[in-house]
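Open your viewer and get ready to select residues one stop at a time.

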Amino acid sequence: MNRSIGSITLVVDDYDRAIDYYTRALGFALLEDIDLGGGKRWVRVAPAAGAQTALLLAQAADENQRARIGDQTGGRVGFFLHTDDFHRDHAAMRAQGVRFLESPRVETYGTVAVFEDLYGNRWDLLELKA
């Protein structure tokens, strides 16, 4: 059996604002941006064009969804951006204005630092030990 997670939904306030942030500040690739009509779009971004898992950027459609923007995991780290060069990506992200909540630290599993995205969602930038 060959299965994988293809996309994970991330609720955002505006498609274009989210695309700009994830592609510019985090260096993600825009995989798809398809107009579905009625103001809806199918927008997928990923850390690299060939990544197995992508974020599906979903613009909030009502007040209930808008209330979840930036707090989809109750303040916990909910997203993990793996890298093969922590220091390169940490420096590049800081240069783009990404807000890190802590200094880089070395753990038994790798080098890590928590950052917030445009909406306040918490992420780990993580280089796993080989």
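Select Tyr22 to begin: its relative accessible area is 0%, so this residue is buried (buried means under 20% relative accessible area, exposed over 50% and partly exposed in between, with a 1.4 Å probe and protein chains only). You are looking at a predicted model, in which local features need pLDDT of at least 70 and side-chain atom pairs count only at pLDDT 80 or more, while totals for chains, interfaces and linings use all residues. Residues are numbered from 1 along each chain as its sequence is written, and side-chain values use heavy atoms, leaving out hydrogens and water.

**Stop 1: the rings**

Two rings of Phe, Tyr or Trp (its six-membered ring) pair if their centres lie within 6.5 Å; planes under 30 degrees apart are stacked, over 60 edge-to-face and the rest tilted. By this rule there are seven aromatic pairs. The ring centres of Tyr21 and Tyr22 are 5.1 Å apart with planes at 90°, so this pair is edge-to-face. Now show Phe28: its ring centre is 6.0 Å from that of Tyr22 and the planes are at 45°, so the pair is tilted. Which residues do ring pairs link into a cluster? Select Tyr21, Tyr22, Phe28, Phe79, Phe100, Phe115 and Trp123 to see them.

**Stop 2: the core**

A nonpolar core is a set of buried Ala, Val, Leu, Ile, Met, Phe, Trp, Tyr and Cys residues joined through side-chain atoms within 4.5 Å. The largest one here has 28 residues, and Tyr22, Leu55, Leu57 and Phe115 have the most contacts inside it. Helix H1 (15-25) and strand E3 (40-46) are among the elements that each supply at least two of its residues; helices (H or I, at least four residues) and strands (E, at least two) are DSSP runs, numbered from the N terminus. H1 gives the largest share, six residues.

**Stop 3: helix H3**

Move to helix H3 (86-95). Phe86, His90 and Met93 are buried. Looking down the axis of H3, the buried residues fall within an arc of 70°, so they line one face of the helix (the arc is that of the directions from the helix axis to the C-beta atoms). Which residues are exposed on the other side of H3? Pick His87 and Ala95.

**Stop 4: Arg41**

Finish in strand E3, where Arg41 lies. The side chains of Arg41 and Asp16 make a polar contact at 2.9 Å (a pair of N or O atoms within 3.5 Å; within protein, one must be able to donate a hydrogen and the other to accept it, and residues adjacent in sequence count only if both atoms are side-chain atoms).
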